Structures are given as structure tokens and as C-alpha cells.
Amino acid sequence: MSKQAILRARNLTRYYAVNRGAFKPNATVKALNGASFDVFPGETLAIVGESGCGKSTLARVLTMIESPTSGTLEIEGNEIALVGGKPPDELRRHVQIVFQNPYGSLNPRKTVATMLEEPLKLNTALDIAQRRAAAEEMIAKVGLRPEHADRYPHMFSGGQRQRIAIARALMLNPKILILDEPVSALDLSIRAQILNLLGDLQDEFGLAYIFISHDLSVVRRIADDIMVMYFGKPVEVGPADRIFEKSRHPYTKALFSATPVADPRRRRQRIRLVGEPPSPLSPPPGCAFAPRCPNAQADCSNTEPPLEFRGPVEVACFHPLD
Amino acid sequence: MSLLSIRNLSVRFKTAHGLFTAVENVSLDVEHGEVLAIVGESGSGKSVAMLAVMGLLPWTAEITADELVFDGVDLNSLQPKARRELNGGSMSMIFQEPMTSLNPCFTVGAQIDEMIRFHTDEDKQQRKQHALELLEQVGIPDPQKRYHDYPHQMSGGMSQRVMIAMAIACSPRLLIADEPSTALDVTIQAQILELLLDLQATHDMGLILITHDMGVVAETAHRVVVQYAGQQVEMQPVLELFEHPRHPYTAALLSALPERARRDQRLPTIPGVVPGQFDRPQGCLFNPRCRFADDRCRTTPPLAAAADRALTLCHYPLSYSPEPGA
């Protein structure tokens with residue numbers, strides 16, 4: 001392939017030590033347990049999974065808010081000395097994040113313009129007038145009006161706040177934008193507006209998106225590639241069309257069939273998953289999904305299945321579906 | 001006779017800035033064994049209307065209704081004692097956030113027990129037995145042990161199951177579920193919805209499902225009410241609603257769903273936002289966002305064209321030619 005990946009992650013892990021009280025040894029929670037993937041400019045990688053699967057930990061590692069326990073991360077071919085060390089600021093600038101809840105992620109005491117100018121103040125040598133001009137330009141780009149610049153977050157609706165959060169993330173011209181459930185806190189009629197905006201911005205700036213979501217209808221709409229995660233690990237990675245058409249991992253299939261579809265004629269038999277994801281303090285032996293898997297066989301609980309190419313899609317399963 | 005019948009229910013809140021109309025002229029009937037979904041965006045008054053039915057609104061709320069009758073009982077003039085016997089007995093509600101709806105200071109067993117103690121005259125042993133059966137019924141593994149757990153020891157899905165166990169403890173005839181699965185993961189959401197529908201079918205309960213998720217509506221409801229800014233804008237059986245929405249708002253909402261749009265095209269959007277307390281437009285509340293609005297819409301509020309069990313609040317409801325796709 002001639003495409004050059006803008007971000008390459010190899011075997012990223014992030015473990016946390018959990019204190020269980022004075023008389024027990026600390027436990028290790030493997031929140032992220034080996035994720036490898038590439039992200040290309042102008043494309044969208046969707047990360048899908050349920051709560052506790054490591055999606056948000058991955059987002060924190062990719063934005064360099066936290067350093068991984070092991071593994072490597074390359075941005076534009078520059079390897080980041082992540083483990084232990086502090087990543088260089090120029091590289092940090094390339095990755096920005098938009099959080100789920102626009103009610104919590106904006107500082108209520110700052111005006112929109114102040115919030116947008118802040119990253120410029122910290123990272124560039126622009127003077128006041130230039131910063132203000134840049135902020136106003138970005139306000140227009142995300143579909144807000146110029147008079148909004150001097151208002152406070154409480155004066156905006158949820159959709160508008162999410163536009164502000166997106167504008168703030170774009171101020172430093174990042175190459176990669178991490179979107180952590182950017183539309184799930186928004187109403188239906190507003191959701192479509194934000195999705196369109198994200199599409200337009202991607203075309204305009206050639207941004208690479210890492211789109212974290214559990215809403216499969218949204219993922220289907222915007223993703224080029226999908227990574228399905230379960231219990232800290234990718235279980236299926238590949239082109240979105242292929243995975244939506246025919247998912248090979250039983251978890252992916254169950255997840256897709258559990259998602260309600262807005263078509264009353266298609267009420268169908270769901271694959272019933274029994275139980276809940278395992279506790280991170282006592283991971284099951286072998287495949288983490290085996291205790292809930294309808295196709296689990298004896299060997300599934302012995303060893304962990306590696307992520308392997310099965311056709312165009314990588315699947316971590318000993319008995320992938322046909 | 002309908003299980004629950006509501007005529008012209010309005011709820012106004014006294015605020016520092018005057019009266020705020022949260023629910024305006026809502027009328028609906030729920031039959032025995034029916035699943036009725038109420039959909040709407042945030043602020044559409046869907047929860048407030050049902051809280052009014054349950055009598056759970058604070059004193060700042062001013063509730064008016066021409067008729068508010070549950071199973072022959074007039075809810076408007078109900079005395080507090082009778083109300084307490086009704087709630088949790090023959091009429092029950094499940095709330096959106098299971099983690100915050102349970103009392104953190106008591107075990108889940110004690111909380112289920114309280115329900116049964118108040119509404120029945122079972123003795124201590126029968127109650128315990130009953131509670132364990134309920135936990136079993138809602139699919140909680142190892143009920144004997146879980147009975148003694150506190151809410152913080154349970155996951156979101158488990159807490160929601162406990163909430164459901166409490167709600168169905170006294171075999172209610174009407175269950176109101178306010179976004180029962182919104183806070184949960186999809187695989188757990190599927191389990192909870194399936195459980196609710198199962199219980200609804202076996203007990204022949206009326207189920208009112210409040211949600212904003214069109215997918216959930218499509219997969220569960222028999223009949224659907226669409227609310228917008230406190231008004232009921234459309235009511236139709238589920239198939240008709242999804243295939244032939246008659247109100248422009250419903251039609252716009254459905255076409256804004258990512259799964260209904262073509263991937264190579266922009267998503268159709270609804271411009272603007274839901275009106276709040278101070279920017280309620282004249283005439284039809286949807287007119288500033290409606291593609292079809294004309295002068296009549298901007299001046300005269302539409303009257304509900306109340307056909308029997310369907311309804312559209314619009315001067316110009318969308319019509320469909322007999323041949324679809326035309």
C-alpha cells in the first residue's frame with residue numbers, strides 16, 4: 001500500500017494498579033491490553049465496544065494524556081518515547097480530542113473566544129489580534145455566528161457547545177482528532193448537524209478521525225475502518241463495509257444484532273448474550289469473551305486467541321463465524 | 001375501557017420568570033397489554049407528563065387535565081394515602097438512572113422487601129421468598145447472595161434489573177418505563193428490553209416506554225406518540241409511523257437517522273433548536289424549523305385532528321399516494 005499512516009500504534013497497553021485495602025496486595029487492571037492499528041489521513045477509524053472495553057483508556061493514551069505501560073506509538077513516522085518519558089510538545093499538538101459531554105468539557109467561566117485562544121496562547125507566538133482573528137475564523141468554520149465569540153457556554157444549546165468543543169480542538173491545526181462519543185449526548189435532530197459538520201471539516205483539513213462510539217448506526221455512516229474492542233483488546237479490525245456486511249467474531253455479531261434498528265419490519269431474532277463483561281480484577285482464562293460466547297468450545301478457555309488476518313479482516317477468535 | 005386514559009393534560013411550572021408550560025394538552029389511552037412508546041427530544045415533556053400521571057411532580061407544578069383516569073380511579077382527586085397504595089401497587093415506574101434511583105444505604109433485598117411489605121400482607125418469610133423469586137425472574141444470577149448486596153456492589157445492568165424487580169413486585173397493571181435502557185450498554189440494553197417485553201406479555205401489563213431512541217421504538221412499541229416542545233404532535237401505530245409519518249417533525253426526525261440516509265449524501269438535518277421557555281413561537285410550535293410552514297402555520301396554532309387512535313397536530317399533514325415511492 002502506498003498510503004502513509006499518520007498514526008501507528010503497536011501493542012499499546014495500559015495497566016493500572018488498584019489498591020484493594022491494607023491487607024491485600026495491589027491488583028493490576030489491564031484496561032488496555034495490546035492494541036495495534038494504523039490511522040490514515042482523511043480517514044476515520046471507529047472504535048466500538050461497551051463500557052469497560054478500554055476505549056477511553058486508548059483515547060487517553062493516544063492523546064498522550066497518559067503514557068502507556070508498554071507498546072509503541074508513531075505519529076507521522078516519529079516514534080514517541082512514551083513509556084516513562086514526556087512526549088515532545090510539537091507531536092502532542094497533532095492529536096486533539098473532543099469529549100462526549102459538551103456540558104462538562106467547557107469551562108463555564110470563560111467566553112468562547114477565550115477558550116479558543118487559549119491553545120494558541122500556550123503553543124504559538126501569535127499576538128492578541130492574530131489570536132482573535134484565528135478564533136473568529138474557526139467560529140465561522142464550525143457554523144457559529146460571530147456574535148457568539150463573547151458569550152459563555154451556558155448560553156448555548158448542547159449542539160452549539162459541541163461545535164465549540166470541536167472548534168477548540170481544531171485551533172492548533174491538528175492532524176488527528178479523537179472523538180470520544182461526540183454525538184451520544186445530543187438530541188436526534190442535532191446529531192445529524194454535528195455529523196455533517198465533522199464530515200465537512202474532515203474533507204477541508206484532511207483530518208484523520210478516531211471515532212469512539214457505541215452507536216453503530218453512526219459508525220456505519222462515517223467509519224472507513226472499524227476496531228471492535230472487548231475487555232481491553234481488539235477482537236475484530238478491518239474495513240467497515242466488510243465488518244458490517246459479515247462480522248466474523250461472535251462478539252461483533254452479537255453487538256450488531258443487539259443494536260436496535262429503526263425499522264419495525266425488521267424486528268428479528270437477537271443473539272442473546274447472557275451475562276455481563278467479566279470483572280477486570282478477575283479476568284477469565286483464555287478468550288475473555290468465552291464465558292458469554294454462544295459458540296465457545298473447550299479450547300477457548302485455555303489460551304487467548306491472537307489477532308489474525310482472516311481474509312481482509314483481522315479477527316481474534318479460534319472459531320470465527322463464516 | 002382503557003387502562004389509562006388522559007385527556008388534555010397540561011403541566012405548568014411556576015418559575016421565577018413566570019409560568020413555564022412543560023406539557024400542553026396531551027391526550028392518550030393505554031390499553032391492557034399494550035406497549036405505547038413516547039418519543040421526543042430532551043425538553044419535549046415526555047417524562048414530565050408521565051411523572052404527572054404518577055403524581056411525582058413537585059409542588060411548583062400545576063397540573064390540569066379534563067380526564068386522568070387509571071383503571072376507573074380518578075387520579076386528579078386522589079388522596080395521598082390512596083395514591084401511595086396505587087403507586088407501586090397497580091401502577092409502577094422505572095427510572096432512567098438505576099444507579100441513582102436505588103437507596104445506597106439499604107441492601108437491594110431490603111428495598112424489594114419494602115415494596116412487598118407495604119402493598120401486600122405477606123409475612124416475613126413469604127416476602128423473602130417472593131423477593132428471591134423476583135430477582136430470579138429478572139435474571140439476576142445467584143439471587144440468594146445478591147439479595148444481601150448493596151447497590152454499589154452491582155453493575156448498571158444489574159441495578160436496572162433490581163429496579164424492574166421492585167416495579168413488578170406487586171404485579172402492576174401499568175408499568176411506566178422512563179428511558180429504562182439509555183444508561184446501559186447495547187448488549188445489556190437488549191437484555192433489559194427483552195425482559196420488559198417478556199414481563200409485559202406474561203402479565204398482560206400496559207407498558208409505557210419513554211425513549212428518544214427510534215431504534216428502541218421500532219423494535220418494541222405497538223403504538224407511538226411523538227412529542228415536541230410539550231405537545232403531542234403525532235400518534236400512530238408503529239408501522240404506519242415509520243412508513244408514513246404524517247407530521248413534518250416526525251418525518252424530519254426519521255430522515256435524520258444515519259441508518260436511513262444514503263452514505264454518499266449529507267444527512268438531512270432539522271435547522272434550529274427546540275424552543276425554550278422564552279422563545280416559543282406563535283402559531284404552530286414547529287413552524288420556524290418546518291420546511292412546509294406558511295403564514296397560517298406562523299399565526300394559528302393547529303388543532304389536533306383527533307382521529308380515533310391516531311392523531312396529527314398539523315395544518316398540513318403529509319399525505320401519501322397509494323403507491324409508495326411515488
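In the predicted model, helix α1 of chain B, which spans residues 46-54, is mostly covered, with 7 of its 9 residues buried. The buried positions in this helix are B:K46, B:V48, B:A49, B:M50, B:A52, B:V53 and B:M54, and just after the helix B:G55 takes a positive phi of about 70°. B:K46 counts as buried at 7% relative accessibility, since the cut-off for that class is under 20%. The side chain of B:K46 meets that of B:E179 in a salt bridge with an N to O distance of 3.8 Å. This pair links distant parts of the chain, as B:E179 lies in the loop between β8 (174-178) and α8 of chain B while B:K46 lies in helix α1, 133 residues apart. B:E179 is likewise buried, with a relative accessible area of 6%.

In chain A, 4 strands form an open sheet in the order β2-β1-β4-β5, with antiparallel pairing. Strands β2 (27-39) and β5 (78-79) stand at the edges and have a single partner strand each, so that one side of each is left without a neighbour in the sheet. Strand β1 (residues 7-18) and strand β4 (residues 70-75) of chain A run antiparallel and are joined by 5 bridges; A:T13, for example, has A:S70 in β4 as its bridge partner.

Over all chains, the structure holds 29 salt bridges. One of them joins A:R14 to A:E66, the closest N and O atoms being 3.2 Å apart. Because A:R14 lies in strand β1 and A:E66 in the loop between α1 (55-62) and β4 of chain A, the pair ties together parts that are 52 residues apart in sequence. Both A:R14 and A:E66 are buried, and together with A:R60 these residues are linked in a network of salt bridges. A further salt bridge, at 3.1 Å from N to O, is formed by the side chains of A:D215 and A:R191.

Between the two chains, 45 residues of chain B are in contact with 39 residues of chain A. The area buried between them is about 3,700 Å², of which carbon and sulfur atoms give 49%. B:V186, B:E219 and B:R263 supply 20% of the area that chain B buries against chain A, more than any other three residues. Across this interface there are 2 salt bridges, and the side chains of B:E243 and A:R265 meet in a salt bridge at 2.5 Å from N to O. By class, the side of chain B that touches chain A has 22 nonpolar, 11 polar and 12 charged residues.

Conventions
Residues are numbered from 1 along each chain as its sequence is written. Chains are lettered from A and ligands numbered from 1 in the order in which they are written. This is a predicted model: local features need pLDDT of at least 70, side-chain atom pairs count only at pLDDT 80 or more; totals for chains, interfaces and linings use all residues. Side-chain values use heavy atoms; hydrogens and water are left out. Contact means heavy atoms within 4.5 Å. Buried area is the accessible area (1.4 Å probe) that two parts lose on being put together, summed over both. A salt bridge is a side-chain nitrogen of Lys or Arg within 4 Å of a carboxyl oxygen of Asp or Glu. Ala, Val, Leu, Ile, Met, Phe, Trp, Tyr, Cys and Pro count as nonpolar, Asp, Glu, Lys and Arg as charged, and the others, Gly among them, as polar. Two strands pair if DSSP finds at least two bridges between them. Helices (H or I, at least four residues) and strands (E, at least two) are DSSP runs, numbered from the N terminus. Buried means under 20% relative accessible area, exposed over 50%, partly exposed in between (1.4 Å probe, protein chains only).
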